[in-house]
Amino acid sequence: MKLSVPGRTAAAAVIAVAGLLTTTAISNAAPAPEAAAAPDISVENVKAHLADLQSVADANGGNRAHGSAGYKASIDHLKKKLDDAGFTTSVQEFTAGGETGYNLVADWPGGDEGKVVMAGAHLDSVSDGPGINDNGSGSAAILETALTVAREKYKPTKHLRFAWWGAEEIGMVGSSHYVDSLAGADRSKISAYLNFDMLSSPNAGYFVYDDDPTIEKTFKDYYAGKNVATEPDTEGDGRSDHAPFQQAGVPVGGLFSGAETTKSAEQAEKWGGTAGEAFDKCYHSACDGVSNIDGTALDRNSDAVAYAVWGLSS
């Protein structure tokens with residue numbers, strides 16, 4: 001039935017008023033919440049964690065290698081800090097080379113457990129030294145990021161998980177054991193695995209894993225904001241704990257500051273440091289102690305860890 005002219009006029013008035021009310025409601029509505037910005041990670045706190053790991057090594061024959069008392073003491077030290085901060089922790093045991101190894105996994109309560117953002121680093125050293133750059137630096141950076149999550153009472157959209165792997169130095173045994181122990185459905189819940197192995201090499205470079213494009217872009221965006229040039233990681237490709245995750249189909253990414261490879265003149269011009277010398281002259285050596293770090297690289301890379309954790313989990 002058609003409306004009469006007066007009826008059309010009245011209806012138009014009602015529509016106009018309704019439109020005005022809708023427009024007013026939209027204009028008065030709160031803006032959509034933005035993703036939480038990552039806080040600054042205290043490099044002094046990260047250095048304090050490195051000093052703790054050095055002390056553990058000093059008290060246990062000079063190393064924190066798989067199967068040693070120093071490695072178990074490292075696990076116990078981190079677990080207490082994470083338990084006290086409110087994480088749900090678990091220690092996973094495995095056997096390698098006739099010795100018992102341990103992975104430490106820490107879950108932050110909350111977030112969608114069907115979408116897990118995971119950050120990991122190997123905690124073991126080689127038997128020749130305390131392993132402060134390799135890989136106390138990655139372990140300490142993700143530890144301080146996790147403790148910052150707790151201090152900030154961060155409520156991510158996705159579920160956050162942090163892990164410290166054993167027996168990486170003898171073939172990525174701990175991380176492989178963890179991945180192999182997951183049911184297929186649980187592997188598929190991991191939307192991102194971020195790996196951090198050697199973040200403070202004394203002749204540092206800034207290398208980003210060129211694996212998953214979204215994760216790679218996240219790290220590159222962080223460094224671009226700091227006017228720090230990056231290069232794809234080729235030296236460490238497939239040599240650290242991201243490899244078992246990648247082989248299982250999990251999206252992976254990470255950071256690396258260089259190991260035994262020599263820094264080129266072009267890289268020295270771009271990043272500073274000394275051309276013709278290894279990124280880490282103390283790689284896998286007794287001199288990989290607390291003096292074997294670059295504080296600037298440690299600071300930047302620790303902040304990059306948090307930038308990715310916040311950005312990918314919100």
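Which residue in E4 does Val-105 stand opposite? Let's look: Val-105 faces Ala-163 in E4. Keep in mind that this is a predicted model.

## Strands side by side

E2 covers residues 99–108, and it has partners to look at. E4 (residues 158–165) runs antiparallel to E2, and 5 bridges join the two. E1 (residues 88–96) also runs antiparallel to E2, this time with 9 bridges.

E1 and E2 make a hairpin, with 2 residues between them. Check out Gly-97 in that turn: its phi is positive, about 60 degrees.

So how enclosed is E2? Buried means under 20% relative accessible area, and 8 of the 10 residues of E2 are buried, so the strand is largely enclosed by the rest of the structure.

In soluble globular proteins, nonpolar side chains tend to be buried together. Here, the largest nonpolar core has 62 residues. Among those with the most contacts inside it are Phe-162, Trp-164 and Phe-196.

Pick out Phe-196 and set aside its neighbours within four places in sequence: its contacts include Ala-119, Ile-142, Phe-219, Leu-255 and Val-305. There's also a second, separate core of 13 residues, with Met-118, Val-179, Leu-182 and Tyr-193 among them.

## A disulfide

The count comes to 1 disulfide. This disulfide joins Cys-282 to Cys-287, with an S to S distance of 2.1 Å. The torsion about the S-S bond is about -115 degrees, so the disulfide is left-handed.

What about the two ends? Cys-282 counts as buried because its relative accessibility is 12%, while Cys-287 is partly exposed at 39%.

Note on methods: Residues numbered from 1 in each chain as written. Predicted model: local features only at pLDDT ≥ 70, side-chain atom pairs only at ≥ 80, totals over all residues. Heavy atoms only, no water. Buried < 20%, exposed > 50% of the residue type's maximum accessible area, 1.4 Å probe, protein only. Helix = DSSP H or I, 4+ residues; strand = E, 2+ residues; numbered from the N terminus. Pairing = 2+ DSSP bridges. Core = buried A, V, L, I, M, F, W, Y, C linked by side-chain atoms within 4.5 Å. Contact = heavy atoms within 4.5 Å. Disulfide = S-S within 2.5 Å.
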